[in-house]
Amino acid sequence: MQDSGIQVLFQGTNFLRLLEGLLVSLRISIIAMGLSVVLGIPFGVIMTSKNMIIRFISRIYLETVRIMPQLVLLFLVYFGAAKHVGVNFSGGMAAVIVFTFWGTAEMGDLVRSALISIPVHQYESGFALGMTKIQVHWYLIIPQTVRRLLPSLMNLLTRMIKTTSLVVLIGVVEVVKVGKQIIDASRYTTPTAALWVYGAIFLMYFAICYPFSMASALLEKKLKD
Amino acid sequence: MKQEQILKVEQLVKSYDKNKPVLKDISFCLKKGEVVVIVGPSGCGKSTFLRCINMLEPIDSGTIYFKDQVIRREEKNVHEIRQKIGMVFQSYDLFPHKNIIGNILLAPLKVQKRTKKEVEFEAEVLLDRVGLLDKKEAYPRQLSGGQKQRVAIVRSLMMHPEILLLDEITAALDPEMVREVLQVVLELAKEGNTMVIVTHEMEFAKAVADRVLFMDEGVIVEESTPQEFFHSPKTERAKQFLNTFHYEAI
């Protein structure tokens, strides 16, 4: 019987190594996402400022990050910083910096649009009930903002997880890199390894991102008011 | 018998745009238990006036007294005064993330720090009175406009306000829902609640008011009893305004 090559996934510690690689990808995206949320919330609040200059500067930041491909940012931080500033980041560190830089901008924009979408009457109803500014924000504005935010937050998270596959290009050994190693190592014994390994990686990304994307769709439906 | 004066406004001036004052020198007095209805063409400043009383808008000049105490938007205790002045808006503005009972209980629990047992009982009594006890657990999006507005009134009443400001509360409602809301307001008036009401429902104004203020272009043009105002308005401007509600057969 012709062998399909699927056994390449289970030879030795191959599958475990792939999972470990996946963990590296996940760790980068989760740390970066966490930092992005923490930094993006204040950034979003700043973006709603009435001050023109502050708004202009934050706009430039956001647009810069959006226009520049993440790969270019990664190279800039990883190679650029080492060559011109003399700071040597590990690949993982550079990745976290870049993804946080990107995520903060995107998160900020999400927070901004969620905040401005809350009708001014929500604030006024709270005030008319005798609430203080802090109470209005704590009981009314923040819960509503979070609700509006959750679906797009999930979306951003899946985008970030997928984009971590770029870090292979700055030498981080994550799931795609491990996959490549396995393929290279079994080039002669299993010529079809690429199909199986990349297929497995595809399924792994899918298994992680799909629940988030489903949760996002579900939340969107559920929280519609 | 001289009734206790609860609110006094002296020479209130307010403008959004520097050269165009919306309110020009408004003076006004409200006694406890009185129901004053403010009518007038759109843009005459009646809603702005209510918003100024509740300090939702900064004012240019003038003084507002709540029981002999000067109230100002800039003061630290502004939220304490607002607890005593309830306000219901045209767009009801229930909190979409909370169910009906949650909407009603939020301020009594968090602002007045009353006990849950006490306020819950009171809320149920009030909800029952406006015919919405069975909607207690529902969310605002599941309610009709008229129902939402009745909840908004209950939410405001829960704070035991000494004055209730109603800002065109039926203007966004379908005609057949107007009555269910105004019926509630009529009962509140009967019970002796002090209210300032801005409305375009003239028949309702006639029924509920102790006193009618007719405003136009930022001034109080006419002030009289509903009888006088609706049957023999003194000013030409008021006559014109009232005429817009009449249709001649063709």
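**Figure 1. Accessible surface and overall dimensions of chain A in a predicted model.** Chain A exposes about 12,300 Å², and carbon and sulfur atoms supply 71% of it; accessible areas come from the Shrake-Rupley method with a 1.4 Å probe, and for residues only the protein chains shown count as cover. The C-alpha trace of chain A spans about 80 × 45 × 25 Å along its principal axes. Its radius of gyration is 22 Å, whereas a compact globule of 225 residues would have one near 17 Å (taken over C-alpha atoms; the globule rule is 2.2 Å times the number of residues to the power 0.38). Of the 225 residues in chain A, 43% are buried, where buried means under 20% relative accessible area, exposed over 50%, and partly exposed in between (1.4 Å probe, protein chains only).

**Figure 2. Helices of chain A.** Chain A has 8 helices and 0 strands, in the order α-α-α-α-α-α-α-α along the sequence. Helices (H or I, at least four residues) and strands (E, at least two) are DSSP runs, numbered from the N terminus. Among contacts (heavy atoms within 4.5 Å) between residues at least 6 apart in sequence, 78% join residues at least 24 apart.

**Figure 3. The loop residue A:Thr190.** A:Thr190 lies in the loop between helix H7 (175-185) and helix H8 (193-222) of chain A. A:Thr190 is buried, with a relative accessible area of 3%. Leaving aside residues up to four places away in sequence, A:Thr190 touches A:Gly5, A:Gln7 and A:Val8.

**Figure 4. The contact between chain A and chain B.** Chain B contributes 25 residues and chain A 20 residues to the contact. Together the two chains bury about 2,000 Å², with 64% of it on carbon and sulfur atoms; buried area is the accessible area (1.4 Å probe) that two parts lose on being put together, summed over both. On the chain B side, B:Phe95, B:Pro96 and B:His97 lose the most area to chain A, together 27% of what that side buries.

**Figure 5. Helix H1 of chain B.** Helix H1 (residues 46-53) of chain B is largely enclosed by the rest of the structure, because 7 of its 8 residues are buried. The buried residues are B:Lys46, B:Thr48, B:Phe49, B:Leu50, B:Arg51, B:Cys52 and B:Ile53. Just after H1(B), B:Met55 takes a positive phi of about 60°.

**Notes.** Residues are numbered from 1 along each chain as its sequence is written, while chains are lettered from A and ligands numbered from 1 in the order in which they are written. In this predicted model local features need pLDDT of at least 70, side-chain atom pairs count only at pLDDT 80 or more, and totals for chains, interfaces and linings use all residues; side-chain values use heavy atoms, with hydrogens and water left out.
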